[in-house]
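Dear colleague,

I am handing over the structure below, and after it you will find my notes on what turned up when I went through it. Please read them alongside the coordinates.

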Amino acid sequence: MARLKDKEETILNAAFEVFRKNGFTNASMKDIAAEAGLGKGTLYEYFQNKEDLFIQVAKAETSQFFAEINRRISDKLSLREILNEIIKFTQETLEETEFFFKFMLFGKFFEMDCEVKQKLYEMILSSREESVNILRGNFEKGVADGILREFDWEFAANFIPEMIGAYCNFKAQIMGYCWTQQQKDIDREKMIDFILNGIAAKTNSGSDTCAV
């Protein structure tokens with residue numbers, strides 16, 4: 001069983017490199033097999049086709065990312081602490097690794113047909129379910145404590161990590177090593193303030209006055 005797992009991981013690692021370098025359309029099972037040092041037929045013993053292999057590569061990457069997020073936020077007491085950990089780890093991950101959503105957000109993902117995209121989307125939702133539940137639970141607690149207003153917090157718990165990821169990915173791609181730690185810290189505080197306080201003006205009673 002361990003040997004089977006090792007070979008599967010070898011294929012996934014090779015596929016990641018080929019997809020990263022060639023994109024989805026231009027990658028082939030032959031290229032992936034060569035990268036893995038295996039025969040092409042061996043790949044089909046583990047994966048149905050290129051689409052299945054791509055989804056499994058994405059699953060491995062996203063599962064690892066969200067598992068670490070879950071570990072970091074599971075024992076945090078405040079919503080601010082949780083948001084800080086999510087943003088900080090996203091910043092670190094984009095700086096230090098070739099995390100898979102960097103690859104997807106910059107064009108290669110859009111080469112796939114709708115069926116593959118739907119499967120990939122459902123997989124990502126499943127991978128981050130625990131993180132979303134933790135975040136949603138803390139939002140709902142904030143409502144009960146009178147800190148947050150009533151809202152569709154299921155939507156917010158899904159949207160906010162995407163917003164954080166997109167912004168951090170953009171800064172990492174454009175700025176690279178020029179995105180200093182001081183700038184990251186400032187960006188993180190601004191994101192947390194924006195998420196918790198929004199942009200609407202407040203009345204003395206604390207209700208929104210923004211009419212748009």
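In this predicted model, the side chains of Glu92 and Arg72 meet in a salt bridge, with an N to O distance of 3.2 Å. The pair links distant parts of the chain, since Glu92 belongs to helix α5 and Arg72 to helix α4, 20 residues apart. Arg72 counts as buried at 19% relative accessibility, whereas Glu92, at 22%, counts as partly exposed; the cut-off for buried is under 20%, so both values deserve a careful reading.

Both residues belong to a network of salt bridges that also takes in Glu68, Arg71, Lys76 and Glu85. Within it, Glu68 and Arg71 meet at 2.7 Å, N to O, and they lie three residues apart in helix α4, about one turn of the helix. Arg71 is exposed, with a relative accessible area of 55%. The salt bridges come to 15 by the rule used here.

Turning to the nonpolar side chains, the largest nonpolar core has 28 residues, and those with the most contacts inside it include Leu83, Ile86, Phe139 and Ile160. Helices α4, α5, α8, α9 and α10 each supply at least two residues of this core, while a second, separate core of 24 residues includes Leu12, Phe47, Leu53 and Leu120.

With best regards

Key. Residues numbered from 1 in each chain as written. Predicted model: local features only at pLDDT ≥ 70, side-chain atom pairs only at ≥ 80, totals over all residues. Heavy atoms only, no water. Core = buried A, V, L, I, M, F, W, Y, C linked by side-chain atoms within 4.5 Å. Buried < 20%, exposed > 50% of the residue type's maximum accessible area, 1.4 Å probe, protein only. Helix = DSSP H or I, 4+ residues; strand = E, 2+ residues; numbered from the N terminus. Salt bridge = Lys/Arg side-chain N within 4 Å of Asp/Glu carboxyl O.
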